[in-house]
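Thanks for coming, everyone. Let me put the structure up, and then I'll walk you through a few places in it.

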Amino acid sequence: MDGQVKAAVIYYSATGITYQMAQAAVEAAGEAGAEVRLRKVRELAPDEAIRSNSGWQAHRLETQDVEEAQPDDLSWADVVIMGSPTRYGMVAAQLKQFIDTTGPLWAQGALANKVYTGFTSTATSHGGQEATLLSLYTVFYHWGGIVVTPGYTDPSQFVAGNPYGASHTSNNGEVPPDHVALGATALTARRAVQIGAALKKGMAG
């Protein structure tokens, strides 16, 4: 059995805020020893809507070479880190649509016993950050996953303040993730990989 942990960072981002957090997760997961895949989920919004927002259009061009997530990325991974902006306290429809394609893997039990965690961003202060993460984790519970959060396992978390996962307030996309948000994202990813590695070692032994 290959001892290296495989981590998939799967995200949706319209204007790039959540993408920046995904990049922090990728970097931290890699530094923690994982082989990492970065995957965006398929865009569902019509071209007209995307073109009407310069930031949205620019971000789509910026990430045009990022591969789209496939169910195989979930079966491949030992650790899955999902990120999405908040939509009324839930994940964006684009990520939910991807999740809704996983029925065959779920039915086979192929999504169970993996480590899962998440990160999110909102336009306004609070704005459903905790609710979004908790609703995402409900999916992971259905899958039989092992949910790992940052908790208050590092002094930085008393500044970041969200024990459920990394989160950021973007002021409607105007404020990029700062060192606090990116640090919380890195901590979340690092803990997920470390616990994934321990579980994998235990199963191998």
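Start with Tyr-19. Its relative accessibility is 10%, and under 20% means buried, so Tyr-19 counts as buried. One caution before I go on: this is a predicted model.

Tyr-19 has a ring partner, Tyr-11. Tyr-11 is buried too, with a relative accessible area of 1%. How do we describe a pair like that? For two aromatic rings, we give the distance of the centres and the angle of the planes. Here the centres of Tyr-11 and Tyr-19 are 5.6 Å apart. The planes stand at 40 degrees, so we call the pair tilted.

Next pair: Phe-140 and Trp-143. Their ring centres lie 5.7 Å apart. The planes meet at 45 degrees, so this pair is tilted as well. Where do the two residues sit? Both are in helix H7, residues 129-143. They are three residues apart, which is about one turn of the helix. Phe-140 is buried, at 0% relative accessibility. Trp-143 is buried, at 7% relative accessible area.

That pair belongs to a cluster. Ring pairs link Phe-140 and Trp-143 with Tyr-116 and Tyr-137. And how many aromatic pairs does a search of the whole structure find? Six.

Look at Trp-76. The charged end of Arg-37 sits over its ring, 4.0 Å from the ring centre.

The largest pocket has a volume of about 370 Å³. It is lined by 19 residues. Which are closest to its centre? Pro-85, Arg-87, Ala-123, Ser-170 and Gly-173.

Where does the lining come from? Helix H1, residues 17-31, gives at least two residues. So do strand E3, at 79-87, and strand E5, at 115-122. E3 supplies the largest share, three residues.

On to helix H9, residues 179-204. Find Leu-187 there. Buried or exposed? Leu-187 is at 7% relative accessibility, so it counts as buried. What does it touch? Leaving out residues up to four places away in sequence, Leu-187 contacts Pro-150, Thr-153, Asp-154, Ser-156 and Gln-157. For a sense of distance, take Glu-35. Along the chain, Glu-35 and Leu-187 are 152 residues apart. Their C-alpha atoms are separated by 17 Å.

Last topic: backbone angles. Most residues other than glycine have a negative phi. Two residues here go the other way.

Where is it? In the loop between E3 and strand E4, which covers 90-91. Tyr-88 has a relative accessible area of 85%, so it is exposed.

The other case is Asn-171. Its phi is positive too, near 55 degrees, again in a residue other than glycine. Asn-171 lies in a loop as well, between strand E7, at 166-169, and H9. At 44% relative accessible area, Asn-171 is partly exposed.

That's my tour. Questions, please.

Methods: Residues are numbered from 1 along each chain as its sequence is written. This is a predicted model: local features need pLDDT of at least 70, side-chain atom pairs count only at pLDDT 80 or more; totals for chains, interfaces and linings use all residues. Side-chain values use heavy atoms; hydrogens and water are left out. On a 1 Å grid over the protein atoms alone, a cavity is a set of points where a 1.4 Å probe fits but cannot get out, and a pocket is an open set with protein on both sides within 12 Å along at least five of seven lines; lining residues have an atom within 4 Å of a point. Grid points are joined across faces, edges and corners, and a volume is the space filled by probe spheres set on the points. Helices (H or I, at least four residues) and strands (E, at least two) are DSSP runs, numbered from the N terminus. Rings of Phe, Tyr and Trp (its six-membered ring) pair if their centres lie within 6.5 Å; planes under 30 degrees apart count as stacked, over 60 as edge-to-face and the rest as tilted. Buried means under 20% relative accessible area, exposed over 50%, partly exposed in between (1.4 Å probe, protein chains only). A charge sits over a ring if NZ of Lys or CZ of Arg is within 6 Å of the ring centre and within 35 degrees of the ring normal. Contact means heavy atoms within 4.5 Å.
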